[in-house]
Amino acid sequence: MTESSHHDVIVIGGGPAGSTVARYAAANGADVLVIDGRDPIGTPLQCGELVPSNEEMRRLCPNVPEMDDLFQTPEAAISRRSTKMHIVPPSGKAMKFDFEGLVLNRVAHDEALVDMAKENGAKYLVDSHVTKVEGNTVFLRNGSTYTSKIIVGAGGHNDPLRRDHWDESSLKIPVKFVLMDGNFGDAVELHFGSMAPGGYAWMFPKSSGANIGLGIQRSFAKGRSLNEYTDEFISKYDGEITFKGAGSLPMSGTIDTFVKGNYMLVGDAAGMVLPSNGAGITIAMVGGRIAGQVIAEHLTDGTPLQEFEHRWNKQMGGVMRNSKRAFKIGSLLFRMPNWVLNLMFNFMTRGIIWRAVTCRRMFWLI
Ligand SMILES: Cc1cc2nc3c(=O)[nH]c(=O)nc-3n(C[C@H](O)[C@H](O)[C@H](O)COP(=O)(O)OP(=O)(O)OC[C@H]3O[C@@H](n4cnc5c(N)ncnc54)[C@H](O)[C@@H]3O)c2cc1C
């Protein structure tokens, strides 16, 4: 049966970005409908599942206010807390850093975000695929149409609003991962070099087992497939594979414009992933909160929607710029042979490497 209704805001996609937009817009009085193609939202798993703790987020993104209000991760969504990050060059000799991370149960994490948005009054329509947006109308595959004053594209890297109404393209890197049983220690690991050309590989230990995967830039891959790289990397770890997943990550940073008329993009749809470390969950939520707050203000006092871009630049502009720069420099360096890379990971470059991964200026001037 086809349906139709009118709302203040329609959000396409109820992932971290969309559910956070919905939560903050609805909390401030907006009538919000979230439409998502999945049921339940968040499944199947497509994630490495690592996020920084709130304390770590305060260090990484010092201009983002009120982290504890934004990130209320329930215990059930945390598989393991980690205090160490190992950055591993091809030699396998890890550089060890202090890093407070949460390895999530991502499905439970995204469910909790949906629940929070609903508690604040947002409505959800699941198992409903958006095919296109024209004017104020959102069209579903089943023939239903919904209209709203504002339409938000939070549909991830294939968002239909971005696809049809924005020209800018983003570099997307294909990613594969597995969940593996076994004991993998306490530290989260990021691996750089020829095992994941142009990208990186990871091993994030969970309360039981680990999430292990990698992403590559195809132009760096010398004719080898993502499957070959993934199989080779995963074979270094010992354990039974219990789940296999894949996805795609936008890695060229944010696009120039998030707002066009009454259309807005947020999260992966707007490129809100830090390319030097692949962090997208928390960054999508930072963007989602700003978008939700600006939408509510727009509806009550006419605040221009472009305020979303201004506030984003104030809170995240510097961090995103540093991360884009580090990714570009890294992409050039990681074309070098492994023996050169191994030499480059030394006690003198240790600080620079950590600054690049954590999106701070790598050098004094840049
Ligand atoms: C394999 C992999 C590993 C990753 N690991 C990490 C990690 O360890 N840490 C981290 O911080 N980030 C990680 N990321 C990135 C992170 O998952 C994303 O940045 C984050 O999910 C972005 O949130 P989002 O809400 O913008 O998009 P998504 O989480 O992709 O949500 C988009 C939603 O929109 C819905 N949707 C899409 N198209 C339509 C449509 N046409 N109609 C209706 N609904 C639609 C989808 O069903 C989905 O629910 C990883 C990504 C991948 C692919």
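**Close-up views of the predicted model**

**View 1. Helices α7 and α8 cross with their axes within 9 Å of each other, at roughly 145°.** Helix α8 comprises residues 307-333; axes are lines fitted to C-alpha atoms over the stretch in contact, with angles running from 0 to 180 degrees between N-to-C directions. Helices (H or I, at least four residues) and strands (E, at least two) are DSSP runs numbered from the N terminus. The crossing of α7 and α8 is right-handed, that is, the near helix is turned clockwise from the far one by less than a right angle. On α7 the contact (C-beta atoms, placed from the backbone, within 7 Å) involves Val286, Gly287, Ile290, Ala291 and Val294, and on α8 it involves Glu307, Phe308, Arg311, Trp312, Gln315 and Met316.

This is a predicted model: local features need pLDDT of at least 70, side-chain atom pairs count only at pLDDT 80 or more, and totals for chains, interfaces and linings use all residues. Residues are numbered from 1 along each chain as its sequence is written.

**View 2. The ligand is surrounded by 42 residues.** Gly13, Gly15, Gly247, Gly267 and Gly280 are the closest; a residue is near the ligand if its C-beta atom, placed from the backbone, lies within 6 Å. Elements that each supply at least two residues of the shell include α1 (16-27), β10 (172-180) and α7 (281-301).

**View 3. Val11 is in contact with Gly18, Val21, Ala22, Val32, Val34, Val152 and Ala154, leaving aside its neighbours within four places in sequence.**

Notes
Two residues are in contact if their C-beta atoms, placed from the backbone, lie within 7 Å.
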